[in-house]
Amino acid sequence: MALTERQKDILQSLKTYKKLSVKALADNLFVSEATIRRDLSEMQNMGLIERSHGGAILPENAEEVSIFLRMERNASEKERVATKAIFHIPPFKSVFIDSSSTALALAERIDLSHKTVVTNNLQTAIQLSKKKNVNLILLGGNVNFNTNSATGTWTARLLEDFSFDLMLSSCAAVRNSAVFETSLGQKEIKKVAFERCQKRILLVDHTKYGAYGTYRLANLSQYDFVVTDFTPPDADNSDIHYIY
């Protein structure tokens, strides 16, 4: 579900003030309180906000953006990255797909017939379950309110029983030729998968460069391919295998 311009304004206001009443939002946006309540209900269903008595607040994990919002945000850039990556997918029989919307965009485009696909993301599992003859495995664990993905010790422990030919993933940020996540839980899941893959492909659009991320995952040079939609600032780094 795509956000309306008004819902985007609501989200931006909540990022600034953390908690707002229905009346305050209605007054600021010049609409009725009933309209705001409908907007908040839809946004709650997308995992963007939490309802409070008479208003709304951002969830504790607000730094992890809802996959529904991520699928909408920079959609054309994600499609370009996915299209470029298709031609560089090595032969594989098993693949780990992370909870990123960009990895999902690529996974929907490639032939997964008679392949083993493992993911910790509910939305990815739902979409790929529509493909025939796919051995699809959804990891268990604590489901994140915003990202609809399983994380935690149990999820990481489950991953330790796998060995993958391929990993398709994105990240929260790229800075100083390194990959970062905003969530420690996501970082730990990806770290375990990273160590159990033969080939690793990182999918990042230009918005990831210079973005915020606290938890360092890996160096760009540790990926077999880094696929982007623009010429990266360190494109001349011979240790990084860029596709752009």
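I take buried to mean under 20% relative accessible area, exposed over 50%, and partly exposed in between, with a 1.4 Å probe and protein chains only. By that cut-off Ser 169 is buried, at 1% relative accessible area.

The model is predicted, so I keep in mind that local features need pLDDT of at least 70 and side-chain atom pairs count only at pLDDT 80 or more, while totals for chains, interfaces and linings use all residues. Residues are numbered from 1 along each chain as its sequence is written, and side-chain values use heavy atoms, with hydrogens and water left out.

**Entry: Ser 169**

I placed Ser 169 in strand β9; helices (H or I, at least four residues) and strands (E, at least two) are DSSP runs, numbered from the N terminus. I then listed its contacts, meaning heavy atoms within 4.5 Å. Leaving out residues up to four places away in sequence, Ser 169 touches Asp 98, Ser 100, Ala 103, Ile 201, Leu 202, Leu 203 and Tyr 223.

**Entry: the sheet**

I traced an open sheet of 7 strands, in the order β6-β5-β4-β9-β12-β14-β15, with parallel pairing. Two strands pair if DSSP finds at least two bridges between them. β6 (135–138) and β15 (242–243) are at the edges with a single partner strand each, so one side of each has no neighbour in the sheet. At the β15 end, I found 2 bridges joining it in parallel to β14 (residues 225–227). Val 227 has Ile 243 of β15 as its bridge partner. Helix α9 packs on the sheet and touches β4 (94–97), β9 and β12; its direction makes about 135° with that of β12. For that angle, axes are lines fitted to C-alpha atoms, for helices over the stretch in contact, and angles run from 0 to 180 degrees between N-to-C directions.

**Entry: nonpolar cores**

I used a nonpolar core as a set of buried Ala, Val, Leu, Ile, Met, Phe, Trp, Tyr and Cys residues joined through side-chain atoms within 4.5 Å. The largest has 25 residues, of which Phe 96, Leu 159, Leu 202, Leu 220, Tyr 223 and Val 226 touch the most other members. At least two residues each come from α8 (153–159), β9 (164–169), α9 (184–195), β12 (197–203) and β13 (215–219). The largest share is that of α9, with 4 residues. A second, separate core has 21 residues, including Val 95, Ala 103, Val 134 and Ile 201.

I also looked up Tyr 223: beyond its neighbours within four places in sequence, its contacts include Ser 169, Phe 194, Leu 202 and His 241.

**Entry: helix α2**

In α2 (residues 22–29) I found Val 22, Leu 25 and Ala 26 to be the buried residues. Seen down the axis of α2, they fall within an arc of 100°, so they line one face of the helix; the arc is that of the directions from the helix axis to the C-beta atoms. Their cover includes α1 (5–17), β1 (19–21), α3 (33–45) and β3 (55–57). Just after α2, Phe 30 has a positive phi of about 60°.

**Entry: cysteines**

I searched the whole structure for disulfides, pairs of cysteine sulfur atoms within 2.5 Å, and found 0. Cys 171 is in none, and its nearest cysteine sulfur, that of Cys 197, is 16 Å away. Cys 171 is buried at 4% relative accessibility, and Cys 197 is buried at 5%.

**Entry: Ile 86**

Ile 86 is in helix α5 (residues 75–86) and is partly exposed, at 29% relative accessible area. Leaving aside neighbours within four places in sequence, I found Ile 86 in contact with Leu 106, Arg 109 and Ile 110.
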